[in-house]
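Subject: Structure handover

Hello,

Here is the structure for you to look through. My notes on it follow below.

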Amino acid sequence: MSVSFDTICAISTPPGIGGIAVIRLSGPDSWRIASEISGLRSQVSGLLPNSVHFSPLHDDGELVDEALLTFFRAPKSYTGEDVVEISCHGGGYAAKRVLHVVLKNGVRLARPGEFTERAFLNGKLDLAQAEAVADLIHARSESSGKIALRQLEGKLSALVHDMRAKVLDLLALLELELDFSEEDVEFQTRQSRLETLASLQEQIRCLSSTFSRGRFAREGLRVAIVGAPNAGKSTLLNRIVGDDRAIVSPEPGTTRDVVEAHIELGGIEVIFQDTAGLRETNHAIESQGILRTRRAIERSDLVVLLIDAATKTMPDTETLEIMQSREVITVFNKCDLAPVAENISGISAKTGEGVEELLQQISSWSHSEDITREEIVITEARHFNVLTRASDSLSRATAQITQSVLMASDLRDAANALGEITGETIGEEILDRIFSKFCIGK
Ligand SMILES: Nc1nc2c(ncn2[C@@H]2O[C@H](COP(=O)(O)OP(=O)(O)OP(=O)(O)O)[C@@H](O)[C@H]2O)c(=O)[nH]1
Ligand SMILES: [Mg+2]
C-alpha cells in the first residue's frame with residue numbers, strides 16, 4: 001500500500017555545464033502537470049507508463065525548452081508514486097527555467113532526500129538501502145562504491161533482518177512459556193537458547209568489526225606526513241602524487257599550511273597531508289603552522305613519521321607525545337645520502353626509492369583489500385551504534401537466562417535496535433535526520 005503525498009519536484013542533476021539536466025516530479029499530479037506544460041496535454045489519457053516522449057515545453061505560450069519526458073506509473077517508479085523525469089538541456093539556464101514553470105503550476109520544491117524518503121515510506125527501499133543511495137552518490141573510490149552497491153542490493157538488510165528474525169523467534173517461544181507459566185512447560189531448552197544468543201553475538205561482533213575499515217572506505221584514510229623541518233615531507237608528498245603540490249626548499253620551515261593531496265590506493269581513497277616541520281620556535285607564523293600540524297595528527301588515521309636519515313633530527317617532544325595515541329609508521333628519508341640498516345624502512349623521496357613499498361605498507365595497514373573483497377561492511381556510525389546497543393541487550397538477556405520476564409524485555413530491546421538499521425522500528429525524528437543529509441533532487 002502506498003502512502004499518499006503532495007507532488008514535489010527538483011533538479012536531480014548537479015549544477016554546472018552539461019548536455020542534459022533532469023527535473024524529477026513525483027506525486028499524484030506529476031503526469032497532469034508535465035503534460036500541461038508540454039505539447040502532450042491532449043494525449044495525457046493515452047500516455048503509457050515507462051514511455052518517453054519528445055516535446056517542447058511552454059510557459060504561457062512562450063517556448064522554454066525542448067525536452068524528453070519519461071513517465072512512470074505508481075508503484076513502478078523510484079519513489080513508488082507517479083513520476084515524470086524531464087530531461088531538458090543542461091547548464092545554468094534551461095533547467096532552472098523548466099523548474100520555475102513546474103513550480104508555477106502548483107508543484108512544491110522537494111526537501112533534501114525527499115524522493116528517497118518517499119521510496120522508503122512506500123516500501124521501495126528499506127532504510128539501509130536508502131542510506132546506500134546517498135553513499136553511492138558520494139562514493140569517490142572503488143571500495144566505497146562497491147560497498148554502497150552491495151548495501152543498495154539489500155545484502156546488509158538481509159543479514160540484519162535474519163538476525164532480528166532469530167531474536168524474535170527466541171522472544172516468541174519465551175513469551176509462549178510465560179503464558180503457560182503455571183503449567184511449567186519449556187518450549188526450548190536453556191542450552192539451545194544460550195547457543196542461539198552466542199551465535200547472534202558472534203554475528204554482531206563480526207559485522208561491527210568491519211566498521212573501522214568501512215569508515216576508511218567511505219570517508220577516505222587520512223595520513224599525516226610529519227617530521228622535523230627539512231626531513232623531506234613535501235618532497236615525499238609530491239613524489240606520491242606525481243605532481244608539484246607543495247613547495248620544496250633546502251630552507252627548514254618551508255611548509256606552514258597543511259597541504260592535502262588525494263590518491264586512490266588499493267581501491268580506497270587516501271588523503272595525504274603534508275605538514276609544517278616540527279621544532280621549538282619563537283616565530284609566530286611557524287608556530288601557527290606547528291599547531292596545524294598537531295591538529296592534523298589528532299585528526300589523522302595514520303601518521304607517517306619521516307626522519308632525515310643523515311641528521312636523524314626528531315620532532316619536538318610535545319608533538320611526539322601527541323603522536324603516542326596515534327598509529328605511526330616511522331620511515332627514514334634521504335637514504336640516497338645516508339644508508340639505513342636493513343631492518344629499518346628507508347626511502348628516498350628524491351629518487352623515489354622505497355616509496356612504492358611505503359604505499360604498499362599503508363595499503364596493507366588499512367586492509368583495503370579486505371574491504372573490497374568483503375561481502376558486507378558497516379560504514380555508518382549509526383549502524384555501528386545500533387549494533388552495539390543490540391549486542392548489549394543480548395548480553396543482558398544471556399545474563400538473565402533464568403528470569404524469563406527480564407530476558408524477554410532485553411530481547412525486545414535487541415529486536416528494536418536491529419530494526420533501526422532496516423527501518424522496521426524507527427522514529428520520525430531519526431528518519432528526518434537521516435534524509436536531511438541527502439542533497440536536493442535525491
Ligand atoms: N638527497 C635527498 N634530498 C632530499 C630528499 N628528500 C628531500 N630532500 C631535500 O631536502 C630539502 C628539504 O625538503 P622538503 O621536502 O622541503 O622538506 P620538508 O620536510 O617539507 O621541510 P619543511 O617544510 O621545511 O618542514 C630539499 O632541498 C629537498 O630537495 C631525499 O630523499 N634525498
Ligand atoms: Mg615542507
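**Ligand 1**

A polar side-chain atom of Ser234 sits 2.8 Å from an oxygen atom of ligand 1. That is a polar contact, meaning a pair of N or O atoms within 3.5 Å; within protein, one must be able to donate a hydrogen and the other to accept it, and residues adjacent in sequence count only if both atoms are side-chain atoms. Lys334 also places a polar side-chain atom 3.1 Å from an oxygen atom of ligand 1. On its own, ligand 1 has 650 Å² of accessible area, and the protein covers 91% of that (Shrake-Rupley method, 1.4 Å probe; for residues, only the protein chains shown count as cover).

There are 23 residues around ligand 1; Lys233, Ser234, Thr235, Gly253 and Thr254 come nearest (a heavy atom within 4 Å puts a residue near the molecule). Helix α9 gives the largest share of that shell, three residues.

**Basis**

This is a predicted model: local features need pLDDT of at least 70, side-chain atom pairs count only at pLDDT 80 or more, and totals for chains, interfaces and linings use all residues. Residues are numbered from 1 along each chain as its sequence is written, chains are lettered from A and ligands numbered from 1 in the order written, and side-chain values use heavy atoms, with hydrogens and water left out.

**Magnesium**

Which residues coordinate the magnesium ion (ligand 2)? Ser234 (OG) and Thr255 (OG1) do, at 2.0 to 2.1 Å. Ser234 is in helix α9 (residues 233-241), while Thr255 is in the loop between α9 and β8 (259-265), 21 residues apart. Helices (H or I, at least four residues) and strands (E, at least two) are DSSP runs, numbered from the N terminus. Donors are N, O and S atoms within 2.8 Å of the metal (3.2 Å for Na, K and Ca); water is not among the atoms, so the site may look incomplete. Ser234 and Thr255 are both buried (under 20% relative accessible area; exposed is over 50%, partly exposed in between; 1.4 Å probe, protein chains only).

**Helix α3**

Seven of the eight residues of α3 (residues 114-121) are buried. Among them are Phe115, Arg118 and Phe120. The buried residues pack against elements including β1 (8-11), α4 (127-138) and α15 (404-422) (contact: heavy atoms within 4.5 Å). Just after α3, Gly123 has a positive phi of about 75°.

**Cysteines**

The disulfide count is zero (cut-off: cysteine sulfur atoms within 2.5 Å). For Cys88, the nearest cysteine sulfur is that of Cys9, 12 Å away.
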